[in-house]
Amino acid sequence: MKSRSTLATWLGSLDGSRLARVLGVRKDAMSPPEPRSVGELADRLQRPGSVALVLPRLALPHLQVAEALAALGAPASREALAALLGVVDDETTRELDAVLEVLADHALVWPDGAEKLRIAGPLRQAWDAPLGLDAPLEQLLAGATSDELRGMLAALGVKPPSTKPQRLAALVEHHSKAEQVVSVVARAPAAARKLLERHAEGEPGQPQFIVFGTPGSGLEPGERWALDRGLLIKDRHGYGPARMPAEVALALRGPGWHAPFEPLPPSARLASVTPAEVDREASAAATVFASHAASVLSACSEAAPARLKSGGIGARELARIGKAAQADDAVVRLALETAYAAGLLGRDGDRVAPTEAYDAWAQQEPPEQFAVLLQAWRNLPLTPAQSRDEDNKALPALAGAPPCNGCVEARHGLLAAAAQLPAGRGTRVTSDLGPLIAWHRPFAHSSPPDGTPFAIVIREAEILGVLARGALSAFGIHVRAGDTEGLGIECRRLLPSATSTARIGADLTAVVTGTPSARLASLLDSVADRETSGTASVWRFSADGIRRALDAGRVPDAIAADLAAVAAGPLPQPLSYLITDTARGHGRVRVAPAACVLHSDEAALLAELAAHRKLAKLGLRQLAPTVLVSRSSLDTTVAALRAEGYAPVAETAEGTVRIEKTRPQRAAAPVPAPRGTGTGGSGRIAATVVAKAASAVDPGILAAQLLKAPPTPPEPAPFDGGAAFATDTEEIVAGWAKHLPYSDVRQLAHAIDTGEPITVEYVAASGNRTVRTLSRLKLDPPYLEAWCHLRDDERVFTLSRIHSVMSLMPE
């Protein structure tokens with residue numbers, strides 16, 4: 001409360017102009033309604049959230065001074081601050097005064113009228129250990145007992161006073177004198193001295209974690225000596241590492257140590273540049289970007305890009321848009337993100353499509369279009385042109401990632417750094433702006449981490465014309481100030497209006513200097529193919545482009561008239577010939593959708609069918625007196641005609657009459673087990689077929705019969721020392737069908753010789769296994785020609801793909 005009342009007193013002492021400046025700088029804290037009193041204003045200015053918003057917008061010296069004041073504690077004298085920062089000369093003193101003035105404008109630091117500087121309460125909590133220093137001794141000893149204080153004073157050789165407050169004050173006074181602390185440490189044991197030096201450099205010991213019971217007495221070497229003299233303070237319950245008071249740390253760091261203070265920005269290599277040169281380059285860059293942005297959004301309007309399942313527009317869609325707009329990836333991403341932020345694009349299900357606001361934007365002149373996108377770029381919560389993440393993986397555009405405050409600060413830091421360059425000077429190399437951005441916005445996000453600092457945001461500024469010849473352009477000046485009206489004026493001054501005419505040459509090209517108007521670009525895109533975009537755009541006419549316009553319903557005379565209206569001169573004769581020749585051949589062949597065709601030599605009959613009301617559902621259309629087309633399938637059309645009393649016949653694809661024969665219904669013939677008991681696939685299929693054939697037999701009776709049957713081992717094959725092949729057919733089949741056991745070879749050879757049907761397991765070239773019933777077998781090694789009952793056709797089988805054989809069971 002004391003700090004807040006002091007701030008209120010200081011605010012009340014300010015004149016109107018100074019108070020207005022504080023309110024203007026701290027707009028973030030001025031949420032409606034307006035504060036009714038200075039006290040309420042002071043409370044708002046000291047909200048933790050308000051202070052957290054201010055810090056990222058401060059430059060490096062402002063943060064350094066604020067951290068030094070947080071380390072000193074409040075209130076602190078200005079002399080103590082200057083001594084801590086090492087400010088001794090007049091120039092640095094003036095720089096320190098300027099920094100304190102800025103901090104006061106932000107209501108973070110203010111004088112209290114007693115030659116002391118106070119800081120906002122939440123500012124102290126912004127650093128866990130400002131300057132690597134812990135809390136002051138008085139704060140660390142707040143829970144110490146009177147006896148503990150007496151013991152520390154006695155160890156230091158100081159006579160303890162009688163009361164606890166007096167003892168605490170005496171100990172604080174002793175440790176506040178650097179020479180006394182240094183003298184005590186100089187007499188310390190080597191282990192204690194080394195431990196204290198490490199703590200003074202901001203390297204405390206490891207924390208001690210206690211799970212059960214109380215902490216043990218495991219102290220670091222020399223730690224007990226320092227604890228007894230108050231040079232280190234430990235939690236009264238023994239938890240956590242020992243902590244060094246700020247006074248002790250400063251004393252041990254020595255009089256030569258000072259807190260960092262860099263009041264001046266880093267130097268950059270500069271070159272002379274005139275305002276006209278900056279305007280010329282900024283105008284060219286902005287004109288190119290405005291043209292590319294219009295092409296990018298036009299491509300999105302013609303074919304809305306699809307979104308990835310994870311969100312955003314992927315690399316494939318970005319490449320498609322870039323090819324259509326003749327723009328590189330960075331420009332496409334920048335145009336999409338700024339257009340989305342400006343409300344020109346929106347998510348539409350699984351796609352990103354232009355909104356209604358785009359239609360109005362597309363009709364505006366290029367200066368107005370560019371101003372809308374540039375204003376959106378100023379506060380984008382991301383870096384649009386960044387196409388790779390930390391793992392070098394492609395990033396989607398419009399991914400809806402969480403806002404990046406560091407990206408916003410990087411952009412604002414660039415504007416601030418470029419604005420501070422001397423008049424008429426620009427950086428020789430734009431990468432020199434990286435350290436300047438880091439100085440103006442230490443909290444800014446520098447991407448990529450392993451490349452040139454802030455290279456991407458600098459590149460964006462160059463693409464937009466905000467940065468030209470290493471200096472801030474007129475666009476950048478108004479963007480930094482947030483001056484919408486001034487930005488519009490500069491855009492109209494530096495960007496040319498849209499071009500409504502094109503130079504159409506005899507080489508079948510159309511050249512548009514500057515940014516084409518929406519009407520001109522739409523016309524040329526409809527009849528020609530765009531080859532280049534930028535300060536000048538080129539379209540090339542071809543038969544495909546003219547045909548595309550004719551397919552859209554336009555007539556040749558209208559195409560020629562529209563092109564003549566936008567041409568800077570008369571329409572070239574080659575283009576007129578191209579339009580005429582393309583139109584002459586357009587539509588000579590017509591393609592109509594049809595499911596089947598009806599034709600007859602009787603034109604009257606087909607006319608009757610086309611007019612038949614009950615056949616209207618077929619969608620019949622007469623193409624010629626003897627030809628009708630139907631939108632319905634062949635079988636549906638034939639059935640409908642027959643239902644109305646007609647007698648059509650169906651044709652095959654070759655034009656022959658399709659024979660429709662009804663096959664007699666027959667039960668499937670059971671397939672017996674092979675005569676042999678071969679192994680492999682033959683046994684598996686035979687077992688399956690036998691089980692199906694004998695499904696009507698009592699399983700118990702069948703099992704008893706099988707158990708009584710004597711074992712019949714298979715006969716050895718001729719190759720294994722058995723008897724010779726009975727026929728030449730067996731030997732030929734065995735030589736080619738190596739997967740078959742000998743019993744299956746005999747069955748297959750017998751079927752070939754006798755002409756009996758047989759069932760085989762066949763493996764096709766695709767790897768699919770099928771069971772085929774074959775008849776009319778004809779051996780043609782290494783093939784077997786046969787009639788396939790499954791396909792109802794003559795087929796050729798490879799002997800090596802027959803894996804098992806079984807003969808048909810006789811009825």
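Tutor: In this predicted model, the residues of helix α11 that are buried are R167, L168, A170, L171, V172, H174 and H175. These buried residues pack against four other helices, namely α9 (137–140), α10 (146–156), α12 (178–186) and α15 (246–253). As an α-helix has 3.6 residues a turn, residues three or four places apart point the same way. The length of the helix can be checked as well: α11 covers residues 164–176, and at 1.5 Å a residue its 13 residues should span 18 Å, which agrees with the 18 Å that separates its end C-alpha atoms.

The loop between α10 and α11 holds P161, and this proline counts as partly exposed because its relative accessibility is 22%, whereas buried would require a value under 20%. Leaving aside neighbours within four places in sequence, P161 is in contact with L153, Q166, R167 and A170; of these partners, R167 and A170 are also among the buried residues of α11.

I659 is exposed, with a relative accessible area of 70%, and together with V649 and V657 it forms a nonpolar patch on the surface, the three having about 330 Å² of accessible area together.

Key: Residues numbered from 1 in each chain as written. Predicted model: local features only at pLDDT ≥ 70, side-chain atom pairs only at ≥ 80, totals over all residues. Heavy atoms only, no water. Helix = DSSP H or I, 4+ residues; strand = E, 2+ residues; numbered from the N terminus. Expected span 1.5 Å × (residues − 1). Buried < 20%, exposed > 50% of the residue type's maximum accessible area, 1.4 Å probe, protein only. Contact = heavy atoms within 4.5 Å. Patch = residues over 30% accessible without salt bridge, like charges linked within 9 Å, V, L, I, M, F, W, Y side chains within 5 Å. Areas by Shrake-Rupley, 256 points an atom, 1.4 Å probe, with all protein chains shown as cover. Salt bridge = Lys/Arg side-chain N within 4 Å of Asp/Glu carboxyl O.
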